[in-house]
Amino acid sequence: MSAPRLSDAELNSALSQLEGWSLKDGKLHRQYQFGSFVEAFGFMSSVALVAESMGHHPEWFNVYNRVTIDLTTHDSGGITKLDVDLAKKANELAK
């Protein structure tokens, strides 16, 4: 069973607590910038382990020291608590 989509009010509340994240094309969106490719890749590896443990995987893209992440729950047709939780964890791991 898929997670329920967040209402507009729930989504706006979540976004207010997600530093650096915005809505883009109906997905949670953020770009991170690191000091080097190795730091960016290390961040991606850390997020990958968390995502796998959650059974929830990001859409992401890496160019040198930048990592762009888009989060949505395809089974639910929108953004769910899983996306918000993964965004929060990504922010923690990026510090």
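1. Of the contacts in the chain with a separation of 6 or more, 65% join residues 24 or more positions apart. Contact means heavy atoms within 4.5 Å.

2. On the basis of the work: this is a predicted model, where local features need pLDDT of at least 70, side-chain atom pairs count only at pLDDT 80 or more, and totals for chains, interfaces and linings use all residues. Residues are numbered from 1 along each chain as its sequence is written, and side-chain values use heavy atoms, with hydrogens and water left out.

3. The chain holds 3 helices and 4 strands. Their order from the N terminus is α-β-β-α-β-β-α. Helices (H or I, at least four residues) and strands (E, at least two) are DSSP runs, numbered from the N terminus.

4. Now the overall dimensions. The C-alpha trace spans about 40 × 25 × 20 Å along its principal axes. Of the 95 residues, 39% are buried. Buried means under 20% relative accessible area, exposed over 50%, partly exposed in between (1.4 Å probe, protein chains only).

5. Thr 72 deserves a look. Its place is the loop between strand E4 (66–71) and helix H3 (81–94). Thr 72 is buried, at a relative accessible area of 11%.

6. What does Thr 72 touch, not counting residues up to four places away in sequence? The list is Gly 26, Lys 27, His 56, Glu 59, Gly 78, Ile 79 and Asp 83. With Gly 78 there is also a polar atom pair: a polar atom of the Thr 72 side chain lies 3.2 Å from the backbone oxygen of Gly 78.

Note on methods: A polar contact is a pair of N or O atoms within 3.5 Å; within protein, one must be able to donate a hydrogen and the other to accept it, and residues adjacent in sequence count only if both atoms are side-chain atoms.
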